[in-house]
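Subject: Structure handover

Hello,

Here is the structure I promised to pass on. Please open it next to this email; my notes follow below.

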Amino acid sequence: MSNIIGIAGAGFSGAVIARELAEAGYSVEVHETRQHVAGNCFTERDTETGVMLHKYGPHIFHTDKPHVWEYLKKHTEFMPYTNRVKATTGGKVYSLPINLLTINQLFEQTLSPKDAETFIANQADKTIGEAETFEQQALKFVGPTLYEAFFKHYTIKQWGVSPASLPASILKRLPVRFNYDDNYFSHPFQGMPKHGYTPIVQSLLDHANISVHLDSTISKDDIKKYSHVFYAGPLDGYFGYSLGRLGYRTLDFKEFRDTGDAQGCAVMNYCDNTKPYTRITEHKHFAPWEDHENTVCYEEYSRDAQPEDPPYYPIRLMDEKTLLTQYVNLANKESGITFVGRLGTYRYLDMDVTIDEALQTAKQFLATQNNQQEM
Ligand code: UDP
């Protein structure tokens with residue numbers, strides 16, 4: 001049998017596993033269906049303006065895992081960056097995540113942290129026990145006014161369904177703060193790679209034991225060519241969609257250009273239903289240490305992914321959960337393959353979690369191999 005490891009997908013999952021196994025002495029072949037590495041984290045400098053573009057939408061690195069932060073720092077220089085999101089709703093601009101400024105502006109109050117906490121607790125729906133849906137979670141924690149202003153319509157645009165049919169877990173990603181801290185993330189480590197994300201993945205893959213094949217894939221029939229395969233492509237795609245397709249939301253970006261500063265911040269969410277897009281990102285503000293005369297913005301539109309579209313967000317409603325279980329049962333019957341990452345496991349994963357899981361997967365694989373050798 002071949003002693004080559006096959007990896008399908010050159011995003012963070014595939015690249016980290018490739019690197020770890022290459023360093024342990026394995027020969028690794030990485031096959032990537034796209035014409036570039038880095039998956040949806042792909043960044044590229046715009047030839048006209050020089051602005052670093054997040055081609056598949058904004059990616060801000062943040063983590064609470066020191067080992068992931070240190071690991072990535074070996075492959076990039078992180079520049080200080082704090083994600084401070086603004087939101088337009090009802091014809092006014094607010095600060096996100098919901099914080100004391102948002103509350104005081106929306107309700108035209110001058111509340112202190114303690115008063116705001118009591119005020120919001122009084123708005124909250126106390127009849128809701130354990131919140132199961134996004135809507136229940138929002139009504140239970142912030143009440144109807146904040147829900148209407150910031151979550152309801154944005155979520156309908158983002159997910160294409162009522163918040164009453166989405167899981168509460170989606171909203172649990174966002175904090176509500178009773179102070180003026182407008183850092184979108186609560187993690188201690190946050191930053192933006194100085195030269196974008198693509199060079200990080202290129203650096204991970206830059207190893208004598210790794211070969212990278214673009215516009216290429218590993219199919220079910222190819223598995224026997226390898227001693228083991230790590231598959232970061234779509235789980236349903238591996239099985240030829242034989243049971244049906246797992247649902248994804250995809251994003252369309254409508255680009256516009258301007259001189260100077262178009263919106264004054266990197267991310268402006270449009271939380272009511274007066275605009276069809278969820279947000280506008282102005283890419284040069286993701287690199288505040290750079291100076292560009294002109295600017296590039298993306299209006300972001302979300303819709304159900306068709307077979308030819310890049311998959312972004314796994315929908316994971318009840319139908320998909322049932323189908324996922326069926327695919328997982330199929331996957332468990334396969335040997336010589338491990339399904340990894342956002343597409344391989346059909347989960348909504350942040351970059352740091354993806355990297356952490358990839359490190360653990362590589363470690364476990366190496367431990368199993370060592371055990372087998374010792375036996
Ligand atoms: N969300 C919202 N209003 C906002 C921002 C987020 O309703 O202004 C909801 C929306 O359903 C979204 C979820 O909260 O999918 C998680 O938001 P996050 O910013 O983490 O989404 P991401 O940046 O991953 O798209």
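In which strand is the place of Asn269? Asn269 sits in strand β13, residues 267–270. Helices (H or I, at least four residues) and strands (E, at least two) are DSSP runs, numbered from the N terminus.

Before the rest, two notes on the source. This is a predicted model, in which local features need pLDDT of at least 70 and side-chain atom pairs count only at pLDDT 80 or more, while totals for chains, interfaces and linings use all residues. Residues are numbered from 1 along each chain as its sequence is written, and side-chain values use heavy atoms, with hydrogens and water left out.

Asn269 counts as buried, at 5% relative accessibility. Buried means under 20% relative accessible area, exposed over 50%, and partly exposed in between (1.4 Å probe, protein chains only). Thr89 is 180 residues away from Asn269 in sequence, but their C-alpha atoms are 8.5 Å apart in space. Leave aside the neighbours within four places in sequence, and Asn269 is in contact with Val85, Lys86, Ala87, Thr88, Leu96, Tyr154, Thr278 and Arg279. Contact means heavy atoms within 4.5 Å.

Leu96, one of those contacts, is joined to Pro97 by a cis peptide bond, with omega about -10°. Pro97 lies in the loop between β8 (92–95) and α3 (100–106).

Helix α2

In α2 (residues 66–73), the residues Val68, Trp69, Tyr71 and Leu72 are buried. Seen down the helix axis, they fall within an arc of 160°, so they line one face of α2. The arc is that of the directions from the helix axis to the C-beta atoms. An α-helix has 3.6 residues a turn, so residues three or four places apart point the same way. The buried residues of α2 pack against α1 (12–23), β5 (61–63), β6 (78–80), β9 (189–193), α7 (198–205) and α11 (351–374).

Two helix pairs

α1 and α11 also pack against each other, at an angle of about 35° and with axes 8 Å apart. Axes are lines fitted to C-alpha atoms, for helices over the stretch in contact, and angles run from 0 to 180 degrees between N-to-C directions. The crossing of α1 and α11 is right-handed. A crossing is right-handed if the near helix is turned clockwise from the far one by less than a right angle, and left-handed if anticlockwise. From α1, the contact residues include Phe12, Val16 and Glu20. From α11, they include Met351, Ala358 and Phe365. The contact residues divide into 11 nonpolar, 3 polar and 1 charged. Here Ala, Val, Leu, Ile, Met, Phe, Trp, Tyr, Cys and Pro count as nonpolar, Asp, Glu, Lys and Arg as charged, and the others, Gly among them, as polar.

The axes of α5 (134–141) and α6 (143–159) come within 8 Å and cross at roughly 150°. That makes α5 roughly antiparallel to α6 (angles over 145 degrees count as such; under 35 is roughly parallel, 65 to 115 roughly perpendicular, the rest oblique). This crossing is right-handed. Among the contact residues are Phe134 and Leu139 of α5, and Tyr147 and Phe151 of α6.

Two positive phi values

Tyr241 is not a glycine, yet its phi is positive, about 55°. Tyr241 is in the loop between α8 (235–238) and β12 (248–259). At 31% relative accessibility, Tyr241 counts as partly exposed.

Arg316 has a positive phi near 55°. Its loop runs between β16 (313–314) and α9 (318–333). Arg316 is partly exposed, at 26%.

Best regards
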